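Reader: I would like to learn how to read some features of a model. Please give the general idea each time, then the case at hand.

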Amino acid sequence: MQKTAEEPKGPTSLQRGLRLLRVLAGAPPDGMRLSDLARLAGETEATAHRLARDLTAEGFVERTADRRYRVGLDFFSIAARAETADNLRDICRPALLRLSATLNDTIFLLVRSGLNVVCLDRADGPFPIRSFTGDIGGRIPLGMGQGSLVILAYLPPDEREEVIRFNLPRLIDRGPIDEAFLRTEIEKVLASGHAATDYGLLTGMIGVAVPIFDTTRRVVAALSVGTLTERLTAERRAKVVELLNREAEAIGRRLSPFDPALRHPARFLGGVRAPG
């Protein structure tokens, strides 16, 4: 008997559960209602309830007294113990602490994850800062924010064009961002070596970012400062960029271009590869 081609299969329960976790990772601190969780995960409420119940039993999700769901402590415990293959966070941590202590500002380490960037680490300064990525683990589209922009700018041209093509619809309704704005800012980054774009979306906040290259001069991450607008005068910005570049160059000399986590940024931290 001739075998017929198998019908395409839908997502497995594991995939659906991971999708729920990803949605919950972006939930407010007080959690998310089941109806909202189901909608954002693309599931029926019955399926979302079953998956959330199973994840709760394993400690990855918790249910609040007012019947909202949020990420559980076991999830954070596992994430805190996880390390990337190149130990990038450990390599960069001393630099973040030095920069934060020297500048009295908040320092971010950002890495690419497919069409996004993820905040891999941060060292907080004394001033209250809002950022596009928020806390560690927060993600935004490539092209949004200074660290994200500097990574996008230094991608190989063909790859950069692919990212721009797929991300523009995700950026177009965010403040001043359109194709002309994005390409102009990329040109500024490539000319100056750093990003200091004011997107006008976080009132009173501004940032500066520089790329981190590996030993083959391939961009793998960004160091970024988040600060109050009045603290970043033109004179101070030049000094900030100098200090960021000094630390970025020292980090880059320690990064192996053969590390699998850095060679496959689309899979790094669970990212998705841009469609061909």
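Reader: Does His194 count as buried or exposed?

Author: Some ground rules come before that. This is a predicted model, in which local features need pLDDT of at least 70 and side-chain atom pairs count only at pLDDT 80 or more, while totals for chains, interfaces and linings use all residues. Residues are numbered from 1 along each chain as its sequence is written, and side-chain values use heavy atoms, with hydrogens and water left out. Buried means under 20% relative accessible area, exposed over 50%, and partly exposed in between (1.4 Å probe, protein chains only). His194 has a relative accessibility of 13%, so it counts as buried.

Reader: Where is His194 placed, and which residues is His194 in contact with, leaving aside its neighbours within four places in sequence?

Author: Helices (H or I, at least four residues) and strands (E, at least two) are DSSP runs, numbered from the N terminus. His194 sits in the loop between helix H8 (179–192) and strand S6 (205–213). Contact means heavy atoms within 4.5 Å. With the neighbours within four places set aside, the contacts of His194 include Val150, Lys188, Val208, Arg237 and Val241.

Reader: How many salt bridges does the structure hold?

Author: A salt bridge is a side-chain nitrogen of Lys or Arg within 4 Å of a carboxyl oxygen of Asp or Glu. The structure holds 21 salt bridges. One of them joins Asp121 and Arg93, with the closest N and O atoms 3.0 Å apart. This pair links distant parts of the chain, 28 residues apart: Asp121 is in strand S4 (residues 116–123) and Arg93 in helix H5 (residues 88–103).

Reader: Is Asp121 buried or exposed?

Author: Asp121 is buried, at 3% relative accessibility, whereas Arg93 is partly exposed at 31%. Another pair is Arg218 and Asp214, whose side chains meet at 3.1 Å, N to O. Here Asp214 is buried at 3% and Arg218 is partly exposed at 27%. Arg68 and Asp66 form a salt bridge at 3.7 Å between the closest N and O atoms, and Arg68 is partly exposed, with a relative accessible area of 23%. Salt bridges can also form a network, as with Arg16, Arg19 and Glu43.

Reader: Which residues of helix H2 are buried?

Author: An α-helix has 3.6 residues a turn, so residues three or four places apart point the same way. In H2 (residues 34–41), the buried residues are Leu34, Asp36, Leu37, Ala38 and Ala41. They pack against helix H1 (13–25), helix H3 (45–57) and strand S2 (69–71).

Reader: What follows H2?

Author: Gly42 follows H2, with a positive phi near 75°.
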